[in-house]
Amino acid sequence: MGLDLSSDAAALTAALVDVESVSGAEGHLADLVETALRALPHLTVDRDGDTIVARTSLGRAERIVLAGHLDTVPVNANLPSRVEGTRLYGCGTSDMKSGVAVQLRLAAELTAPSRDLTYVFYECEEVEAERNGLLRLAARRPDLLAGDFAVLLEPTGGLIEGGCQGTMRVEVAATGARAHSARAWMGSNAIHAAGGILDVLRAYSPSRPVVDGLEYREGLNAVFVRGGVAGNVIPDECVVTVNYRFAPDKSVADAEAHLRSVFAGYAVTVVDAAPAARPGLTHPAAAAFVAASGAEVRAKLGWTDVARFASLGVPAVNYGPGEPTLAHTREESVEIPLIGECERRLLAWLA
């Protein structure tokens, strides 16, 4: 069955949620989105992999980009979707199929918008950066992402979240020397030595910098530990993978330098990184959106693809109906009235 873009945004959200689209397996949902958009004569549609771009070409003075990812984290016994009271539950309800539903509704409704519009639906946002469909599109077809201002419909609980934190994952290695576990004194246990890495993390005090008037909260945490050779061998290496969430007053290079300083004396290898983005709320288009929406503004405590748009010279904010604190949890859900409110606010701004 296809997607019915004439259904209300909550019903459309449920339909999207019930199409499983874990990162790397968005193909079926991308097919449905492409088919629905190609049926709208006022839009030009392009596809790159499982990333879909639909655009108006009305010669307006300004172009706005509305973007959202189609993928979700792995399902956690939370499909199909279900309604309880005023909440819709299910994998992706908050992050971010409710936002995608709003995009699709606007794409169908706004046949003659006040600004030209670009709708971007992309793959693999929830996994490592090199698989991100928006990153690939920026390299292959940056013209499709051009605009004066962008709104990512990431979960913000109906608030406007400016900028985003950067993220970096590093592997911090403790080394030792192998030996038979019956003669442990002849070796040096790297797993024991890794306790020093954990001590650094326990003692670390994250900063809370204010950037362009918005307060960000940094974080430094172990997310994986790898070590061991065999049940009778003293291990010669133990690797702790650490995730650093840094504020937009730092570049990727700044973040790396900071981590190398924090873990001085250990081998540090960067395995993944994505830059932060400053709020950019002083840009005229951003200020106009904030004024028109009437929504409260706060810092984005997490990484989103506003950073990709910032690197292309397009100021961007996060604004969507999902609840960010419930993203990636088994009880992920979205407040149904917020989906309609988000649609109405964007429609009033763009109509």
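With 351 residues, the chain would have a radius of gyration near 20 Å as a compact globule, and its value of 22 Å agrees. That radius is taken over C-alpha atoms, and the globule rule is 2.2 Å times the number of residues to the power 0.38. This is a predicted model: local features need pLDDT of at least 70, side-chain atom pairs count only at pLDDT 80 or more, and totals for chains, interfaces and linings use all residues. Residues are numbered from 1 along each chain as its sequence is written, and side-chain values use heavy atoms, with hydrogens and water left out.

**Overall build**

The C-alpha trace spans about 75 × 45 × 40 Å along its principal axes. The chain has 10 helices and 19 strands. These are DSSP runs, numbered from the N terminus: helices are H or I with at least four residues, strands E with at least two. Of the 351 residues, 52% count as buried. Buried means under 20% relative accessible area, exposed over 50%, and partly exposed in between, with a 1.4 Å probe and protein chains only.

The accessible surface is about 14500 Å², and carbon and sulfur atoms hold 52% of it. Areas come from the Shrake-Rupley method with a 1.4 Å probe.

There are 31 positive and 44 negative side chains, and the centres of the two sets lie 2 Å apart. Lys and Arg count as positive, Asp and Glu as negative; His and the chain ends are left out.

**Cysteines**

The structure holds 0 disulfides; a disulfide is a pair of cysteine sulfur atoms within 2.5 Å. For Cys-164, the closest cysteine sulfur is in Cys-342, 18 Å away, so a bond is ruled out by distance. Cys-164 is buried at 0% relative accessibility. Cys-238 is also buried, at 1%.

Ala-174 lies in strand S9 (residues 166-175) and is buried at 3% relative accessibility. Val-240 is 66 residues from Ala-174 in sequence and 8.3 Å away in space, C-alpha to C-alpha.

Ala-222 sits in strand S13 (residues 219-227). Ala-222 is partly exposed, at 38%. Leu-347 is 125 residues from Ala-222 in sequence and 42 Å away in space, C-alpha to C-alpha.

**Helix H1**

Helix H1 (residues 9-17) is mostly covered, with 7 of its 9 residues buried. Leu-12, Leu-16 and Val-17 are among the buried ones. The buried residues pack against helices H2 (27-38), H3 (93-109) and H10 (336-350), and against strand S5 (87-89).

**Backbone exceptions**

Most residues other than glycine have a negative phi, and most peptide bonds are trans. The table lists exceptions.

| Site | Feature | Value |
|---|---|---|
| Leu-79 to Pro-80 | cis peptide bond | omega near 0 degrees |
| Asp-95 to Met-96 | cis peptide bond | omega near -5 degrees |
| Asp-212 | positive phi | near 50 degrees |
| His-328 | positive phi | about 75 degrees |

Pro-80 is in the loop between strands S3 (63-69) and S4 (82-84), whereas Met-96 is in helix H3. Asp-212 lies in the loop between strands S11 (210-211) and S12 (214-215) and is partly exposed at 49%. His-328 is in the loop between strands S18 (316-319) and S19 (333-335). His-328 is partly exposed at 46%.

Definitions and conventions. Charge placed at Lys NZ, Arg CZ, Asp CG, Glu CD. Contact = heavy atoms within 4.5 Å.
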